[in-house]
Amino acid sequence: MEYVIEMLNIRKEFGGFVANDNITLQLKKGEIHALLGENGAGKSTLMNVLFGLYQPEQGEIRVKGNPVNITNPNIANDLGIGMVHQHFMLVDTFTVTENIILGREVTTAGRIDIKKAEQEVRQISERYGLAVDPQAKISDITVGMQQRVEILKTLYRGAEIVIFDEPSAVLTPQEIKELMQIMKTLIKEGKSIILITHKLKEIMEVADRCTVIRKGKGIGTVNVSETNPNELASLMVGREVVFKTEKKEAAPKQNVLEVNDLVVKDTRGVSIVNGLTLDVRAGEIVGIAGVDGNGQSELIEAITGLRKSESGSVKLNGKELLNLTPRKITESGVGHIPQDRHKHGLVLNYPIGENIVLQNYYKKPYSKNGVLNFREIYKQAKKIISEFDVRTPSEYTLARALSGGNQQKAIIGREVDRNPDLLIAAQPTRGLDVGAIEFIHKRLIEQRDNGKAVLLLSFELDEIMNVSDRIAVIYEGKIVAVVNPKETTEQELGLLMAGSNRKEAGEGTHV
Amino acid sequence: MSKRLTGILTPIIAVLLGIIVGTIIMLASGYNPVDAYTALWNGAFGETYYIGEVIRQFTPYILAGLAVAFAFRVGLFNIGVEGQFIVGWLASVWVGVSFDLPRVIHLPLAILAAMVAGALWAFIPGFLKARFRVHEVIVTIMMNYVALHTTNYIIRNVLAAKSGDKTEQIHESASLRSEFLQSITDYSRLHWGIVIAIVCCIIMWFLLERTTRGFELRAVGFNQHAAHYAGMSVNKNIILSMLISGAFAGLAGAMEGLGTFGYAAVKGGFTGVGFEGIAVALLGANTSLGVFFSAILFGILEVGALNMPLEAGVPNELVSIIIALIVFFVASSYIIRIFLDRFSKKEVK
């Protein structure tokens, strides 16, 4: 069998730290090859070696059988290797075409023939089934479409091998489906794909083979058709992983959160939350399912006081919270694991220890008469770090230096430790590996079992189905249905999320 | 190489580079750099008089540097230190000439007036930023001109003595001058202001690093969204930081008004102290200790430079060039950091 890329026994060290230890990855022509590993396992390092950003200490890279020395990304490009980055590298104010040709502009007498370029883009996009509008501005198109622009960029540069770095992390379920289709089309057109991911479902769906790395070591390569998600997960983590989150039957009590007829406007002045009504009871987890952009983020920002509400009511244990300050809302017993941990959850330039008291630095014993008591602060930090298994060199390390999973664990530790009556978790497991996800789910369920109310927002239907006791489907700013996860299916949820009413959706699945 | 070491080495290397390039410029224009630097050294340390003058010179630089650094730590760029300095100067002199009070009341009152004036002058851009998101750089620049011409008007029309472009001398009871300090420095203009400046360094450090208020201010400086999420009032902290920054700048003005000069005169243009504060803060990496040391360096360079034409026949504008070069190298410290990183990487191998 012909290999288009072979990375043989790659070793890469940083100082004394071995990021890649004897890893071998062989990509066959025309296959989708998954690269699976936990956060920090060394996937990105390996790909950066392939891209010429790092030089390996040992090992060999061959392209189509010939040993090559990739010393910078331009060489990788010339060898036909293209990468679709997780964080898009696009100029927001440029059009689709301008972004695609950026750096490879064909000019006549110093002038770019944009018409011709648009035509080329259109041609490529039709050939590979990547629907985009070449004249649209990046800032006006959806995230899914932006990703297609990234793919087009690599194809325009003549890539034969396309690397996808966590491509589904930012996409909605529908967009993920489309992406899977796109990858299959690319293969049909003779491209080869390396798919970096930790989502087992996607690997099972599209990949032909899968190379697993754990803590920098190559564990091996398996044929996807001969394996199953459980085996992949245990290969990746190095132990058995429980997928079906274990939990007792919920014992819900009185209403803790009561949202009534809430209206919230977005920055453009549109009522994005539009007369929404929702209850969350003590001792239950309510999951909000919905396609991104239907008002779920704004709902949470309104409950937590980060965004002004127009009208309606938000009551916690019968007390009105509407349009109070975030501080007052927090103090009345709301914990919030924010959707964007870098933007809201952490002050990245503060030590992780100081981030752990971000919500109660002004209280005793962390401060007295306005003067901080660092001994108490770091004592608390140590406690949270060990209880929530935050892996950090020390409590004085800047939050910036921690991996995403450990940052998230620190935030969850901070919010859970305050023991709030209502815990709001917005996409608490986004971008995390299965080990961390398992841990976080357990903690959420623990809060529930302690008689607290938990409101979970997630775009992962699996997570919603697994963790919630009730699922509230949000569509165009309203809760359109509340279903029991045991009595529903992904199909029914999908239809409800797309706006069909309960009866239609129900008939669709039960007939 | 540790971050901390890099952080300390960067400004030192910038200073050395500034001096080296300054040397090259002197050589190129036919001056003897050894003579020039000797003259500079003698002009700063040659006699106790000069030492006194150096300290007097850097006292307002410390406070102006603190003013810029404080706002910067909260994410604001206060270009208006010059204007706040000018109104602080006038306010202190105004109180100094208008009242007859015992020293224990008069002096603190005059100092307080300078702080309040500077703080109020900075409040306007702070409020506009917090309330309407008007960029503070634009407003503070404009406020500098307003300060310059308003104070000139007041001096001319309200406070001027018979000569017309100068206030009367402040009363002795409001003066920072000290017989004692003058006598030990061979009758330089050294005054008690240096004590105030050092105390302010400690206050700034304590406030930012040790109090809950400082925790909030720095959080707002690093990440307003996270600060808002954590229940801190971003707007309140923005306004507060401008008030404190302006108070430091006003105090710097009091150093001139109550210390060095004892009067306020009509100004043809900006004094430059406020802008010097930006350079001081930049070189001092916006920490109070860093500001203290970089202000000392600037004071030495500027006082010493006065001796260069006399002793070595080198125009003292060259020192301005060296100062500009130092600021340039600090601002482009990214380059220095890359070299330091390269250097330390080689060490590992």
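I took helices (H or I, at least four residues) and strands (E, at least two) as DSSP runs, numbered from the N terminus.

**Entry 1: ground rules.** The model is predicted, so I kept to its limits: local features need pLDDT of at least 70, side-chain atom pairs count only at pLDDT 80 or more, and totals for chains, interfaces and linings use all residues. Residues are numbered from 1 along each chain as its sequence is written, while chains are lettered from A and ligands numbered from 1 in the order in which they are written.

**Entry 2: H9 of chain A.** I looked up helix H9 (residues 296-303) of chain A. Is it mostly covered or mostly open? H9(A) is mostly covered, with 8 of its 8 residues buried. I call a residue buried if 20 or more other C-beta atoms lie within 10 Å of its own, exposed if 12 or fewer, and partly exposed in between; C-beta atoms are placed from the backbone. The buried residues include Leu299(A) and Ile300(A). Glu298(A) and Glu301(A) are also on the buried list. Just after H9(A), I found Gly305(A) with a positive phi of about 85 degrees.

Entry 3: Lys64(A) has a phi near 50 degrees. Lys64(A) sits in the loop between strand S4 (58-63) and strand S5 (66-68) of chain A. With 14 other C-beta atoms within 10 Å, Lys64(A) is partly exposed. Asn369(A) also has a positive phi, near 50 degrees. I located Asn369(A) in the loop between S19 and strand S20 (371-372) of chain A. Asn369(A) has 7 other C-beta atoms within 10 Å and is exposed.

Which residues does a cis peptide bond join? I found Lys364(A) and Pro365(A), with omega of about 0 degrees. Pro365(A) lies in the loop between helix H12 (352-356) and strand S19 (367-368) of chain A.

**Entry 4: domains of chain A.** The bounds I used come from an automatic or database domain assignment. The assignment gives domain 1 (3-237), domain 2 (243-333 + 423-511) and domain 3 (341-419). The centres of domain 1 and domain 3 of chain A, taken over C-alpha atoms, are 35 Å apart.

**Entry 5: helix pairs in chain B.** Axes here are lines fitted to C-alpha atoms, for helices over the stretch in contact, and angles run from 0 to 180 degrees between N-to-C directions. Angles under 35 degrees count as roughly parallel, over 145 as roughly antiparallel, 65 to 115 as roughly perpendicular and the rest as oblique.

Helix H2 (residues 33-45) and helix H3 (residues 48-73) of chain B pack at about 85 degrees, with axes 5 Å apart. H2(B) and H3(B) are therefore roughly perpendicular. I call two residues in contact if their C-beta atoms, placed from the backbone, lie within 7 Å. Gly43(B), Ala44(B) and Phe45(B) of H2(B) meet Tyr50(B), Ile51(B) and Val54(B) of H3(B).

The axes of helix H8 (residues 193-210) and helix H11 (residues 234-260) of chain B come within 10 Å and cross at roughly 170 degrees. H8(B) and H11(B) are therefore roughly antiparallel. From H8(B), Gly193(B), Ile196(B) and Cys200(B) meet Phe248(B), Leu251(B), Met255(B) and Gly259(B) of H11(B).

**Entry 6: where the chains touch.** How many residues does each chain give to the contact? I read 15 residues from chain B and 23 residues from chain A. On the side of chain B, the largest share, 5 residues, comes from H9(B).
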